[in-house]
Every structure is written in structure tokens, then in C-alpha cells.
Amino acid sequence: MLLEVKNVYKSYKKPFGIIKKESVEILKGVSLSLKEGECLGIIGESGSGKSTLGRLIIGVEKGDCGSILIDGIDISKKNRKVEKEKVSVVFQDYGSSANPRLKIIDIISEPIKVFEKLSKKETINRIIDLLEKVGLSKEYLYRYPHQLSGGQLQRVCIARAIATNPKFIILDEAISSLDVSIQVQVLDLLIQLKKELDISYVFITHDLTAVTYICDRVVFFKEGNIVEEVNCMNKLKNVKSQYAKALLHAAMTMDSREEIYEVQRIS
Ligand SMILES: Nc1ncnc2c1ncn2[C@@H]1O[C@H](COP(=O)(O)OP(=O)(O)OP(=O)(O)O)[C@@H](O)[C@H]1O
């Protein structure tokens with residue numbers, strides 16, 4: 001198994017707790033897994049703890065208890081650098097995740113420098129190759145983030161994420177800030193990269209339409225716990241919990257993107 005999250009708990013101290021060390025529990029015994037080649041959706045309302053789980057998986061924060069295994073290795077116990085190499089992340093806020101003072105070449109080369117020793121020429125060739133993989137040409141190499149559109153900049157963030165040849169990528173609301181027509185282009189790129197590079201995704205979102213477009217499985221997250229799991233997207237309409245039903249209903253009644261996604265897919 002590529003990723004196993006076993007009974008993970010996480011709490012944060014309240015900033016203004018009356019009792020010293022008063023804390024609030026955000027993750028309450030979460031367990032899930034990700035197989036090779038799979039895209040697992042994590043869907044849930046704002047504040048349910050999705051991003052917190054994502055931060056624990058990439059290792060920037062530690063859980064209170066439980067374990068997270070990447071390729072069978074507990075990331076809290078072993079040499080983390082090896083495991084970190086296997087996971088990348090793409091955030092919603094491409095604007096702030098790309099340093100505005102750095103050129104695109106420097107943004108993409110950041111993770112390469114950490115994990116590999118390449119000559120300058122090798123690095124440039126590698127970055128040109130990565131840009132091409134995400135549908136951008138080498139003319140973007142020496143531009144700054146503000147000289148790119150939102151969709152182009154998110155492609156740069158995806159190029160940076162695949163630069164270390166990760167086994168899986170955490171996509172944390174990675175398309176949420178983009179225009180709908182650009183969302184589907186980025187989703188199509190992610191689908192294409194998944195096949196081409198044999199990578200897997202954990203797709204964190206509150207957007208059920210996007211989940212149906214890209215995910216193989218989905219878990220419904222509520223108040224720090226998984227309330228329902230759908231292992232076959234064709235069975236999405238058979239969800240049992242009220243929470244999942246409500247999310248499904250909201251997506252079906254309010255969302256016109258299914259049509260937009262469909263039009264884009266056909267054209
Ligand atoms: N470092 C922190 N210190 C204290 N509380 C935190 C911290 N990080 C997150 N939280 C709290 O944890 C809860 C869950 O946040 P999280 O960002 O994981 O939710 P989410 O499901 O990803 O929400 P959204 O969809 O809005 O991004 C929130 O109430 C948030 O305020």
C-alpha cells in the first residue's frame with residue numbers, strides 16, 4: 001500500500017483557552033489508504049480537518065497518536081527525507097505558494113536542489129522537460145509568477161510537485177481558485193500525468209463535481225472523521241449518511257459545471 005493512515009488523532013491548543021493547555025481535537029481517529037495508481041478524494045465541509053490531515057501526510061506536522069505509513073514505512077520513525085521524496089503537494093493558493101521574487105526556473109529547481117545533485121545545464125534541461133510535461137514551453141523559464149495567468153502558475157506548481165518523481169501528490173484544493181474552464185484543463189492535465197508518470201493522488205476538496213471527474217474513490221470527512229467511503233464512483237448516488245447525501249444534493253442542484261466539464265471533455 002502506498003499510503004496508510006491508521007487511527008490518527010490531532011489536536012491544537014486553543015489560542016485563548018481559559019484553562020492552560022486547553023486544546024481542540026481536529027482529527028478524531030482517521031484511517032484511510034491509497035493504492036498505487038489511484039486517486040482518492042477527501043471531501044468535506046470547511047474546517048472538517050482535510051488540510052490538517054494533508055499536512056500530517058506530507059510530514060510538516062505530527063499527529064498526537066496513530067501512524068502514517070508511506071510505502072510501508074512509518075514516517076514518524078524512519079529517515080524522513082527518503083519518505084518525503086515520495087510525496088509532493090499542490091495547494092489552492094498558487095499565488096502564495098510560488099515565491100513572487102523568484103523566476104519560474106528557480107521555483108521549479110527548489111525541490112530538485114534538495115534531493116539531487118545536478119549540474120546547471122542538467123537542471124535547466126530537466127526544468128524545460130517538466131514545463132513541457134505540464135503544457136508550458138521554455139519561454140516561461142525566466143518569467144516571474146505575476147507574468148503568468150492563474151492556470152499557468154498552477155501548472156508551474158504541478159511541475160514543481162512532479163520534479164522529485166513522487167509516488168503520490170496531495171492536491172489540496174488545487175483547482176479551487178481557478179476559473180471553471182481552467183479547472184477542467186488542470187484536471188485533464190492531472191489525469192494525463194497520472195497515467196504518464198504512474199503517480200497517485202490524494203485529492204482534497206469540497207467540490208463533488210471535481211471528485212467525480214478525477215477520483216477513483218472518495219471518503220466523506222465530517223468534524224475530523226470519515227463518515228462514509230465510496231469505493232466505486234458509479235455508486236456515489238447510493239451514499240447512506242445524511243451528510244454525504246446533502247453534499248451530493250447540493251452538487252447536483254447548484255452546479256452547472258458538470259455540463260461545462262462535459263463540453264470541455266468532448267471538444
Ligand atoms: N495550526 C493550527 N492551530 C490551531 N488551529 C488550527 C491550526 N490549523 C488548523 N486549525 C483548525 O483546525 C480546523 C480544521 O482546519 P483544516 O484547515 O484542516 O480544515 P479543512 O477541512 O481543510 O477546511 P477548508 O476546506 O476550509 O480548507 C479549523 O477549525 C482550523 O481553525
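Asp71 is partly exposed, with 15 other C-beta atoms within 10 Å; in this scheme a residue is buried with 20 or more other C-beta atoms within 10 Å of its own, exposed with 12 or fewer, and partly exposed in between, the C-beta atoms being placed from the backbone. This is a predicted model, in which local features need pLDDT of at least 70 and side-chain atom pairs count only at pLDDT 80 or more, while totals for chains, interfaces and linings use all residues. Residues are numbered from 1 along each chain as its sequence is written.

Asp71 lies in the loop between strand E4 (65–70) and strand E5 (73–74). Helices (H or I, at least four residues) and strands (E, at least two) are DSSP runs, numbered from the N terminus. Although Asp71 is not a glycine, its phi is positive, at about 55 degrees.

Glu173 is a residue other than glycine with a positive phi, near 50 degrees. Its place is the loop between strand E7 (168–172) and helix H7 (180–197). Glu173 counts as partly exposed, with 19 C-beta neighbours inside 10 Å.

As to confidence, the mean pLDDT of the protein chain is 89, and 89% of its residues reach 70 or more; pLDDT is the predictor's confidence in each residue, from 0 to 100. The model scores ipTM 0.95 and pTM 0.89.
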